[in-house]
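Dear colleague,

I am passing on the structure below, and my notes on it follow directly after. Please read them with the coordinates open.

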Amino acid sequence: QTEEADVMLLSVPSYACQRKTTLQNHNSVFTDALTLLAENAEMEDEDGRGVAFRRAAAVLKALPKAVTSMKQLNGLPCLGDHCQRVIRDILENGISSEAEATRQSERYNALKALTGIFGVGAKTADRWIRDGIRSVAMLRDSGHALNRAQLAGLQYYDDINQPVTRAEADAIGDIVERAVASVLPGAQISLTGGFRRGKLTGHDVDFLITHPEEGREEGLMPKVVSWLDSQGFLLYQKTMRNSYLESKDGPARPPSSMDRFERCFSIFKLTTEQKQEALTAEAPTESQHPESQMKCGELKETGHAGHKPWRAVRVDLVVSPISQFAFALLGWTGSKLFERELRRWAGYEKAMSLSSHALYDNVQKRYLRAASEQEIFAHLGLEYIPPAERNA
Ligand code: 8DG
Ligand code: MN
Ligand code: MN
């Protein structure tokens, strides 16, 4: 009987976009180790290994209960020898010696610290490490030439590496709403990224902006950005024109109506008052609630305790024409692995090319329209997975 319970049928389909993955993870002891190894591989510029670790972690995240024996892994996809070794180590010894050795290695910690700076990728971090720079403090003292993004990244390092809360995301949302409403009435804003998937914290806040009339959204980003800037909300911003036409993935020549994507990577200045306003405006009846009063009290205190009365928050803004909105929404909601798996499914199983702009059928040689995420899943022959279940 125990034998049977042990072999308890754990089965999951092999693409993450075929599975429901909520934030409830019964296997975090394994997925934490695999995620650390994935991060390390990515920082070492070994993307193939990184994806393998991420796929394995995603399979374990989708299981309805904790893995307690190696036998339960039989028949599960994406678990290669290396990942099985990590899992076995944890089952037998409580920890993965490889993950622990990595966590303690000087190289991993240097890469983690340096790539934790906004504007610094794996290649730059590696170059600096070869120059003997292993920490943010050493970089500050080094006199290295830094670009504008990296300078901002250093300046706001502590704030940016502190998780953004849902309340802060909502406060930023209020500001973006005001900006958009004042430069283009009728424009619509959607919260995307991790917060749309129900995460309680994030490394940034992601928004997608559109207008129900095709074409009205054109040139919107520079206007939104200059409004935000004039009101003192921006500590840093880099606005990009749509790069869809130059992008390598996806079909070569999209119709000209598709070259309108604009995006902005920014750092917002969020004041304590703005955060408080968002908290009280959202739930006016709840402001009598002891818990929310305590929250406001805490906020007040940080403002008066000698700290600066504001914090820096990373914010990503994207503008999409309404005709591409469903693709943009799907593409910017994540998780990153879920997106990667959707594109892999489309390409390998359906002979289609999916991007944040469009879905192209390589057999019928035509674009497939969609006005909602549900329609995109249907085109792809997939069961609809709501945002809260895309946490692969
Ligand atoms: P977090 O911020 O809470 O840590 O998690 P997240 O919200 O899931 O991660 P994210 O890094 O903010 O990314 C959110 C989504 O945005 C993700 O699914 C991938 C998408 N995305 C980028 N960069 C780009 C890009 O350059 N092009 C496209 N099409 N999508 C992108 O992050
Ligand atoms: Mn995000
Ligand atoms: Mn983002």
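In this predicted model, the manganese ion (ligand 3) and the manganese ion (ligand 2) lie 3.6 Å apart, with Asp204 coordinating both. Donors here are N, O and S atoms within 2.8 Å of the metal (3.2 Å for Na, K and Ca), and since water is not among the atoms, sites may look incomplete. Ligand 3 is coordinated by Asp204 (OD), Asp206 (OD) and Asp316 (OD) at 2.1 to 2.2 Å, a set spaced D-x1-D-x109-D in sequence. Asp204 sits in the loop between strand 3 (201-202) and strand 4 (205-210), whereas Asp316, 112 residues apart from it, belongs to strand 7 (residues 310-319); helices (H or I, at least four residues) and strands (E, at least two) are DSSP runs, numbered from the N terminus.

Asp204 counts as buried because its relative accessibility is 6%, and Asp206 does so at 9%, where buried means under 20% relative accessible area, exposed over 50% and partly exposed in between (1.4 Å probe, protein chains only).

Helix 17 (residues 336-350) is followed by Ala351, whose phi is positive, near 50°.

As to conventions, residues are numbered from 1 along each chain as its sequence is written, and chains are lettered from A and ligands numbered from 1 in the order in which they are written. Local features need pLDDT of at least 70 and side-chain atom pairs count only at pLDDT 80 or more, while totals for chains, interfaces and linings use all residues, and side-chain values use heavy atoms, with hydrogens and water left out.

Best regards
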